[in-house]
Amino acid sequence: MKVIKVKDYAEGSYKAFEIIKEVVVSNPNAVLGLATGSSPIGIYKNMIQDHQDNKTSYENVTTVNLDEYMGLEKDHPETYDSFMRRNLFDHINVKAENINLPCSIGDMEENVSKYESVLAKHKPDVQLLGVGSNGHIGFNEPGTSFTSRTHVVTLAEKTRLDNARFFNNLDEVPTHAITMGIQNILEAKKIILVAFGANKANAIYGLVKGEVNENLPASILQKHHDVTIIVDEEAGSKI
Ligand code: F6R
């Protein structure tokens, strides 16, 4: 596991962007595993700027996202589908048919098995991750089996509280989601995890220095052969 400590969000976002760009430039047919939330927004801004300035092309890239909320209207601004369009897909030349997010409307058993088929065909060359303050990756909350695959989850209270900032109030935050499982995440060839801010310091300590334990899902990354963790001073203050 490689740990890179950076000064701040801007520096960390640029470093993560450079790794993703390298993957896309060396393989124009790359599969990018993408995340939502505050952590990757700066990375996506760099990708958009670079696409505009240097014409880095995503024409033949396929994307697979980690997760999606359940219970939101299809065009709600906080679905991860809306988030990805707004923050990345609408601004680069990725083809609509090459974009994949788990579907959270309709028969969930069918949605889970459809996403498993997508992931069987498209294993990420690089998977971008944030980490929850409770150590979740994707929406794999503490206690999730390390052997889990795509599944429906009940969001932890901590996660709903952390994410309430994106909604008008806590009641509006979904209680359930569909997420790639931990096994799916581990199948990525390369993993980049970015974390910024003091509320991530405990999770980063557990992830880098703690015991590999299902109570801290991110700790399993210690067992993957190609992981880069990028943290700012606050998130990295305990390692
Ligand atoms: C997002 C995801 C989550 C977030 C995590 C951190 O697709 O799967 O694991 O990466 O909750 O969120 P932020 O970046 O908002 O602190």
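Tutor: A residue is called buried when its relative accessible area is under 20%, exposed when over 50%, and partly exposed in between (1.4 Å probe, protein chains only). Helices (H or I, at least four residues) and strands (E, at least two) are DSSP runs, numbered from the N terminus. This is a predicted model, in which local features need pLDDT of at least 70 and side-chain atom pairs count only at pLDDT 80 or more, while totals for chains, interfaces and linings use all residues. Residues are numbered from 1 along each chain as its sequence is written, and side-chain values use heavy atoms, with hydrogens and water left out.

Student: Which residues of helix H7 are buried?

Tutor: Helix H7 covers residues 201-209, and its buried residues pack against strand S9 (191-195) and strand S10 (227-231). The buried residues of H7 are Ala201, Ala203, Ile204, Gly206 and Leu207.

Student: How many helices and strands does the protein have, and what is its radius of gyration?

Tutor: The protein contains seven helices and ten strands, and its C-alpha atoms fill a box of roughly 45 × 40 × 35 Å along the principal axes. The radius of gyration is taken over C-alpha atoms, and the globule rule is 2.2 Å times the number of residues to the power 0.38. For 239 residues, a compact globule would therefore have a value near 18 Å, and this agrees with the protein's radius of gyration, 17 Å.

Student: What share of the residues in the protein is buried?

Tutor: Contact means heavy atoms within 4.5 Å, and of the protein's contacts with a separation of 6 or more, 79% are between residues 24 or more positions apart. Among the 239 residues of the protein, the buried share is 56%.

Student: Is Thr63 buried or exposed?

Tutor: Thr63 has its place in strand S3 (residues 62-65), and, not counting residues up to four places away in sequence, Thr63 touches Leu32, Leu34, Phe89, Val94, Asn98, Ile99 and Asn100. Thr63 and Leu101 are 38 residues apart along the chain, yet their C-alpha atoms are separated by 8.2 Å. Because its relative accessibility is 3%, Thr63 counts as buried.

Student: Is Lys55 buried or exposed?

Tutor: Lys55 lies in the loop between H2 and S3, and although Lys55 is not a glycine, it has a positive phi of about 60 degrees. Because its relative accessibility is 62%, Lys55 counts as exposed.

Student: At what angle do helix H2 and helix H3 pack?

Tutor: Two packed helices are described by the angle between their axes and the distance between the axes. Axes are lines fitted to C-alpha atoms, for helices over the stretch in contact, and angles run from 0 to 180 degrees between N-to-C directions. Helix H2 (residues 41-54) and helix H3 (residues 80-87) have axes 10 Å apart and pack at an angle of about 40 degrees.

Student: Which residues in H3 do Ile41, Tyr44 and Ile48 in H2 meet?

Tutor: Six of the eight residues of H3 are buried, so H3 is largely enclosed by the rest of the structure. The buried residues of H3 pack against several elements, including strand S2 (31-34), H2 and helix H5 (157-163). On the H2 side of their contact are Ile41, Tyr44 and Ile48, and the residues they meet in H3 are Phe83, Met84 and Asn87.
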